[in-house]
Amino acid sequence: YVVWDDPAREQVFVAASGDGGATWEAPFEVDRRAPGDTPTVLGPGEISVGNLSNSPVIIWRAGHQSGSECTQYYRSRPADTTSWTSPQAIPGIEDCLASAQFIRDDGLLYLVGTIQQSGNSGAPSAMSTYIMAWDGMRWSTPRLQDALVGMTNPDTNQRIDLQCLSAGTGGDRLSIAGCDRGTGADIWWTSKPLGDTATWFPPPAVWEGPVAVAAASAPIAEVGLTTDGGGGTHAFWFEQGGDQIFHAARNEAGWSQGRAIVTSDAGQIEEFAVTSDGLRLYLAFRADSDLYFARADAGRPTEWSTPVAVTNDLDDIDDVTLLSRRSGELMIAYTVALNEPRGVYLIRSANQGL
C-alpha cells in the first residue's frame with residue numbers, strides 16, 4: 001500500500017498492489033476539501049498507512065468544520081474486500097498528530113503519535129506522545145506517555161526535549177529512540193513493557209452493524225423507526241423534495257426490500273412521525289399546508305390506507321409527534337410557529353385513527 005498527499009489540491013490518495021508491486025490498482029481518493037469547508041479550515045494531508053493481516057488502515061488530518069482546528073481521521077479496508085470504510089474520527093484524539101508511526105506486533109497494529117500544542121506566544125511547546133492499538137476493527141483508548149515528557153539527563157540535570165521519535169517492539173516491550181532538541185542534543189533510547197493490551201480496548205459494543213437497509217435515489221430527509229408486537233422492526237424514510245414515504249421491515253431473516261408505501265397527492269413531504277400499537281402501524285406526515293394520517297396492519301406493512309387530512313389549511317406546521325395508547329386512542333401533537341394560529345395543538349382519535 002502506498003499513500004500520498006497532493007498539497008496543491010488538498011487531496012490524499014492510496015493505491016494497493018496484490019503482487020508485490022508488479023501491478024497496481026487505480027489510486028483511490030481518500031479525502032479532499034469539502035464544498036462547505038471555509039478557506040481557513042485545514043485541508044486533508046499528512047496521510048499514513050499501516051497493515052494488519054492484509055487489513056490496512058490509513059490515517060490523515062483535516063479540518064472539515066468539525067468544531068476543532070484539526071481532526072485525525074481514519075479509513076480501513078477489511079481483509080478480502082476492495083472497499084474502504086467511510087471516514088471517521090479516531091476516538092480519544094482531541095487534536096491532530098504532528099507525527100505518526102505504525103508498528104505491527106503480536107496480532108495488533110500499534111500507533112505511536114505525538115501532538116504538539118502551541119504555547120502562549122505561539123512557539124511550539126513540549127510534545128505529548130500517545131500509544132494506541134488497532135485490532136483490525138477498532139481503536140483502543142489512547143494512552144498518554146507522561147514519562148517521555150519529564151525525562152532529564154542524569155549527568156547534567158537538564159530537561160530532555162525528546163522529539164523525532166522512532167518506535168519498535170520486541171516481545172512484550174515497546175522501545176522508543178529520539179533526539180533531544182534541547183540543550184544536550186543527544187540521541188536517547190528508552191523502553192517499557194506493553195502489559196496486557198486487551199485492557200486498552202473499551203468493552204465490546206452492544207450494538208450490531210451498522211448494515212445497509214436500502215439505497216436512496218436522493219438525500220434522505222428524515223427517518224422513523226418503530227416495532228410491532230411480534231418483535232419486527234419497521235423503518236420509514238422519505239427523500240428530500242420527494243412525495244413518497246418508503247418502508248423496510250426487519251425480522252430474524254434480515255431486512256426486507258425497501259419500497260414506497262405512501263404517495264402524497266398534496267406534493268412534497270416535509271415531515272412525518274410513526275408509531276405502532278403492536279398490531280397496527282400508524283403514520284402522520286405534513287405536505288403542503290395540511291397534516292395527513294394513514295395506517296396499516298403490522299403483518300401487511302406494504303398495504304396502507306389512503307392518507308386522509310386531519311388538519312385544514314394550517315401553514316407552518318412543525319414538530320409532528322404521534323402516540324398510540326393501549327386503550328386504542330391515538331394522539332397527534334404538532335406546533336404552529338407563526339402568525340395568528342401559533343401554538344401547540346393536539347388531535348385525538350378514540351378508534352385507532354378510523
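Guide: Ala298 sits in the loop that runs between strand E22 (290-297) and strand E23 (308-309); strands (E, at least two residues) and helices (H or I, at least four) are DSSP runs, numbered from the N terminus. This is a predicted model, in which local features need pLDDT of at least 70 and side-chain atom pairs count only at pLDDT 80 or more, whereas totals for chains, interfaces and linings use all residues. Residues are numbered from 1 along each chain as its sequence is written, and side-chain values use heavy atoms, with hydrogens and water left out.

Ala298 counts as buried because its relative accessibility is 12%; buried means under 20% relative accessible area, exposed over 50%, and partly exposed in between, with a 1.4 Å probe and protein chains only. Apart from its neighbours within four places in sequence, Ala298 is in contact with Asp228, His234, Gly278, Leu279, Arg280 and Leu281, where contact means heavy atoms within 4.5 Å. A separation of 50 Å lies between the C-alpha atoms of Ala298 and Ile47, which are 251 residues apart along the chain.

Another alanine, Ala273, belongs to strand E20 (residues 269-276). With a relative accessible area of 11%, Ala273 is buried. Residues up to four places away in sequence not being counted, Ala273 touches Tyr282, Leu283, Ala284, Val320, Thr321 and Leu322. One of these, Thr321, is 48 residues from Ala273 along the chain, and 5.6 Å separates the two C-alpha atoms.

Gln11 is counted as buried because its relative accessibility is 7%. Its side chain and that of Glu29 are joined by a polar contact of 2.4 Å. A polar contact is a pair of N or O atoms within 3.5 Å; within protein, one must be able to donate a hydrogen and the other to accept it, and residues adjacent in sequence count only if both atoms are side-chain atoms. Neighbours within four places in sequence aside, the residues in contact with Gln11 are Trp4, Asp5, Asp6, Glu29, Asp31, Arg32 and Pro44.

Loops also hold exposed residues. Pro154, in the loop between strand E11 (143-144) and strand E12 (162-170), is exposed, since its relative accessible area is 61%. Asn339 lies in the loop between strand E25 (330-336) and strand E26 (343-349), and at 56% relative accessibility it counts as exposed.

The backbone angle phi deserves a remark. Most residues other than glycine have a negative phi. Asn339, however, has a positive phi, near 65°. Glu46 also has a positive phi, near 55°, and Glu46 lies in strand E4 (residues 45-52).

Pockets come next. A pocket is an open set of points on a 1 Å grid over the protein atoms alone, where a 1.4 Å probe fits, with protein on both sides within 12 Å along at least five of seven lines; lining residues have an atom within 4 Å of a point. Grid points are joined across faces, edges and corners, and a volume is the space filled by probe spheres set on the points.

The largest pocket holds about 560 Å³ of space. Of its 18 lining residues, those nearest the centre are Val211, Val213, Leu225, Arg250 and Trp255. Strand E15 (220-227) and strand E16 (233-239) each give at least two residues to this lining. By type, the lining has 14 nonpolar, two polar and two charged residues; Ala, Val, Leu, Ile, Met, Phe, Trp, Tyr, Cys and Pro count as nonpolar, Asp, Glu, Lys and Arg as charged, and the others, Gly among them, as polar.

The second largest pocket holds about 490 Å³. It is lined by 20 residues, of which Tyr74, Gln88, Trp134, Met137 and Arg138 are closest to its centre. Strand E6 (71-76) and strand E7 (88-89) each contribute at least two lining residues, and the lining comprises twelve nonpolar, six polar and two charged residues.

Finally, the chain as a whole has 26 strands and zero helices. Its C-alpha trace spans about 90 × 50 × 40 Å along the principal axes. Of its 354 residues, 40% count as buried.
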